[in-house]
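Hi,

Here is the structure I promised to pass on. Have a look at it first, then read my notes below.

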Amino acid sequence: MKIKLITLTALVYVAMCFTSYSVLSKAEDNEKIKNLKQADMFVGEITAYTAGYESCGKLPSDPLYGVTASGIKVRKGIIATDTRYIPFGTKVYIEGLGVFEAQDRGGDIKGNRIDIYMENLQDALKFGRQFRNVIILGK
């Protein structure tokens, strides 16, 4: 499955859509927006995951529990992506949710699928499966 990327001028769109869920400070958001000329956009299939066994197959006693595929500790603002299209370290804006950073991958995360890390399993289950515009901001 390939992601069809659409080039567009996203400065105004991104500026209007940033929300309080952003993991960047407002000053960093504003700086990113000022420097943004064009971005790649696609409709992503967005789901949520936790560090728990139900999502990652690891128990808290596992030394790699809560560690992403890129080797960092999972935290709010981290997403799992298909690294063929969105490599580790890439920041993306997910419509209505904010800015996230790709630092993980998963077996079912292929093509346009993105998994957002959430600390609470109930929140992840409640989030469900959503289709949202995704704008690749770069590294």
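A polar contact here is a pair of N or O atoms within 3.5 Å; within protein, one must be able to donate a hydrogen and the other to accept it, and residues adjacent in sequence count only if both atoms are side-chain atoms. Keep in mind that this is a predicted model, where local features need pLDDT of at least 70, side-chain atom pairs count only at pLDDT 80 or more, and totals for chains, interfaces and linings use all residues. Residues are numbered from 1 along each chain as its sequence is written, and side-chain values use heavy atoms, with hydrogens and water left out.

So, N120 first: its side chain reaches the backbone nitrogen of Q122 at 2.7 Å. You'll find N120 in the loop between β6 (113-117) and α4 (121-127); helices (H or I, at least four residues) and strands (E, at least two) are DSSP runs, numbered from the N terminus. N120 is partly exposed, at 36% relative accessible area (buried means under 20%, exposed over 50%, partly exposed in between, with a 1.4 Å probe and protein chains only).

Now hop over to T68, in the loop between α3 (53-56) and β3 (78-80). T68 is buried, with 5% relative accessibility. A polar atom of its side chain lies 2.9 Å from the backbone oxygen of Q103. Leaving out residues up to four places away in sequence, T68 touches V74, I78, Q103 and D104, where contact means heavy atoms within 4.5 Å.

Next, the nonpolar cores (sets of buried Ala, Val, Leu, Ile, Met, Phe, Trp, Tyr and Cys residues joined through side-chain atoms within 4.5 Å). The largest one has 17 residues, and V92, I94, I114 and I116 have the most contacts inside it. β2 (39-49), β4 (91-94), β5 (98-104), β6, α4 and β7 (130-138) each give two or more residues to this core, with β2 giving the most, three. There's also a second, separate core of seven residues, including Y49 and Y117.

Which two residues form an aromatic pair? Y49 and Y117 do, edge-to-face, at 5.7 Å centre to centre with 70° between the planes. (Rings of Phe, Tyr and Trp, using its six-membered ring, pair if their centres lie within 6.5 Å; planes under 30 degrees apart count as stacked, over 60 as edge-to-face and the rest as tilted.) Y49 is in strand β2 and Y117 in strand β6, so the pair ties together parts 68 residues apart in sequence.

Cheers
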